[in-house]
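Here are a few notes from my pass through the model, in the order I'd read them. Have the strands on screen as you go.

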Amino acid sequence: MKYFLSLTLIVCFLGINQLYAQTWQALNQKGLELILKSKYKEGDSTLRKALTFIDSSKDKQDTAYARVYLSLSQAFHLLNNYDSTIKYNLMARSIYARTLGTKHSLYAQAVLLEGIEEGKMLNYEKAEALLEEVRSICSGMKNRHEYDCYTRAMSALGILNSQLGLSQKALYYMEPVKELRGEKFGKESPEYAMSCISLAKAYIKLFRYPEAKQLYEIAQPIYERTYKKDSPIYKIFCADLSRFYAFCVSDYTKGIEYAQESIRLSELFYGKKSANYAYDCSTMARIYAQNQPEKADTYFLASIEAYKVDLGKQSNDYISVLEAYATFCGHYKRNNLADSLYKIVINYETNALNHYFPILSENEKNEYMQYKSNLILPYQSFLIQNVDKSPEYISRLFDHNLFFKSIVLSSTQRTKREILESGDTSLINNYFKWKQRKQNYVNLLKLSESEQIKKGMSFRKEEFEINELEADLAQKSSSFSKNLGRAVYTWKDVQKKLKKNEVAIEIIKTYLKKEGEKDVTFFDDTIYCALLVTPQTKDRPEFLLIKNGHELENKYLSYYRNCIEFKTQDDYSYDQYWKPIADKLNSMGCRKIKKIYFSADGVYHQISLNSLQNPKTKKFLLDEQTIQLIGTSRDLLDKESQEMNLKKQQKAYKAFLLGYPVYNTEEQEQDTSKNSQRSFSLMQSAAFNFTKVSPLLGTKTEIEALQSMFKAQNIPTQTVVGLEATEESVKSLKSPSILHLATHGFFIPAPKENNMLTIKEAKSVSLLRSGFMRSGLLLSGCSNPKDSQEDGILTAEETMNLNLDGTELAVLSACETGLGEISDGEGVFGLQRALIQAGAKTLLMSLWKVDDKATQLLMTSFYKALLSGQSKQDAFETAQQKLKQKYPEPYYWGAFIMIGQ
């Protein structure tokens, strides 16, 4: 379905005064009309004939050229070809600027199209500047074309702000457009109807459905008179109305009425094997799925068949409707059909992830998985709801989680850095060639088979050249080999890595439908399940369903945190978070467990398991069980056979110690009397206003003690304290064996958008939606950064780019460094995830504000045990037990968690 603003641009171009000979003008007009009918190839060919005709009689700086260039630009705009759109648009704009000047309406039209295109490409600030330029040029509205440009620029600004979540500001632009077009063209004009639709869509985003409905009702008779009921534009209108009535206001009767009309028009204009027809049948199927399920099958099958023919089995639209049909079948207990459909969907998603992920940035990975969660969630729910009837689903649930959870932890950034820093020109060139080939391949996946043929593109050719490049890159880069498409492992591969009396536990957070829920697509009952594997596991992993997920994430989490903060007796948390798992282990006969490998999800990322106290034995889990936190069970497959022993291998180690930064480099002396916690005011953090940060004297003592311990063991150590504890010093690191950073940490909750006023603010908030941008460490100079230097704020986003490929242990001796944005099934988007991506094997981090003196004692005890030859895990438990003797409350000793190998 095409963006309505693009249609209005074409309509405007068709009405421009004929300035030149009728023949080229007729070709130009015909080309635009063909584009309007979605006949892009014929339209492009006709427009190029117009250029050929002009060649014989006009200079290439003549405005005739500009007109056709602008038409070609519009054609490529509708084809989503950014490069060609901008190319032809700039050529037209340049001619208009020289011949007519930068205040002419034709020049404004070129600027307008460029602004819309930049908005599509998410270049928001540039788009806003271009659209505001159009507003300025056409503000006088001396003629129809200037008026059209002015109102379209206003509408585009409204849409731009709406896309950024600035809904109130979007209305500021859109509401006047409706009134202006009503005054200029009359309230029975198509221009007025289009402005009503644009405003209705803005109201929908604000959930102002009654006002949106009123606007649609105003536009409907105008559309029927202007475009008639048998037109492509009216077909688009009907498609919009069907989804609005069915899914926004639950008026299924009207939703079905408009869906039927849209289907009729799609069949008339595009045929029953077209994507347009498939889209409308999909709408009808989803409507019937809610209230008349016996009618839904016909439309699901018609949509599937049409998408398969027009777009092919590799298209996202085809897979999306398969998933919707699978969810529908699962809801109505047609499990065999649902299962077969889900297998196709998950196989496609697995292959797609292996193709997509190696070329995505970490933030792009997050966005991609958020998008794909709509496909993954129904499948998980289907498996969980049917494990009693089909026990083999437990194995599939574990294997599915193993793949999807581990692939998001694969590090694209580390691979790129290793290759770029290699200095091997051939390797670097091949890496970028591979990325481009991979992108070409990904683009091929999005095209229908007929489009691939038209473009002369070949899967076989792309695959051959990708394989050639991958072989060379894999040979020269170990990091590339590790991240080149993840092998599909099963729970049995994990089992092989477990020793006697060891258990691997995967926690999965997901959602089920509440009992009696009629909406096929609505999942809101939060649940957790645990999948357990031991060396004795036979047919499938053990399965445990924990149904009170909502209470775990709200009531009981608040209770747990209050008990920790106020140092009071906790009588409930163990029973809620751990007892179901302990009981399950007992029922499995696992009474003498040496170690539990625990892969967390959801709320389990927010609690320190060791701090849970058994109300019967009065012992903490730290005293009863050895629990090693891991990102995913996949970590066991990659685990080295034996951990390096510091006592025996000191010469192979090198350490980097940082602490006691000077947060305000202009203060002559740091005031250490005000703060004994390694934390920071979230109110200040929310604005990134680190102007008053209290220094931590304990971190200086801590670093000095560690330096002496390492020196005594002859371990090469680089120590930076005070003014030297800068962001630059951390970013220049190259794979220290031990990285120890003692300073303030911060985690900022997601910002609210209600008070944003400008595109720039919206862009900043958009960046801060990422947990990587809202957590980090404070270093020297963060209170008074200099323009020519780093700002002293090391965010998790920047931490991902550190060179920690050989780092055995990263210790963040600070507050809340283990926190971040928790994404279901994907872990914590913050410093924790960033350090793993940078290459660190094991992390030691905190979940809450930590006491300065207690932290200092924990760290010195930990390193003393580590240097004596204990494993990292054993040394950490030894340090916690020692600190517990002096400070019995979990607040002091339970804040830190160790995760990784």
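1. Some terms to start with: two strands count as paired if DSSP finds at least two bridges between them. Helices (H or I, at least four residues) and strands (E, at least two) are DSSP runs, numbered from the N terminus. This is a predicted model, where local features need pLDDT of at least 70, side-chain atom pairs count only at pLDDT 80 or more, and totals for chains, interfaces and linings use all residues. Residues are numbered from 1 along each chain as its sequence is written, and side-chain values use heavy atoms, with hydrogens and water left out.

2. Have a look at strand S2 (residues 525-533). Strand S1 (residues 502-512) runs antiparallel to S2, joined by nine bridges. Within that pairing, Ile507 has Ala530 of S2 as its bridge partner.

3. S2 also pairs with strand S3 (residues 542-546), again antiparallel, through five bridges. Here Ala530 sits opposite Leu544 of S3.

4. How many residues of S2 are buried? Eight of the nine are, so S2 is largely enclosed by the rest of the structure. Buried means under 20% relative accessible area, exposed over 50%, and partly exposed in between (1.4 Å probe, protein chains only).

5. On to S16 (residues 896-900): five of its five residues are buried, so the rest of the structure largely encloses this strand. Its antiparallel partner is S15 (residues 842-846), with five bridges between them. Met845 faces Ile897 of S16.

6. Lastly, check Asn803, in the loop between helix H36 (796-799) and strand S12 (809-813). Asn803 is buried, at 12% relative accessible area. Its C-alpha is 9.6 Å from that of Val730, 73 residues away along the chain.
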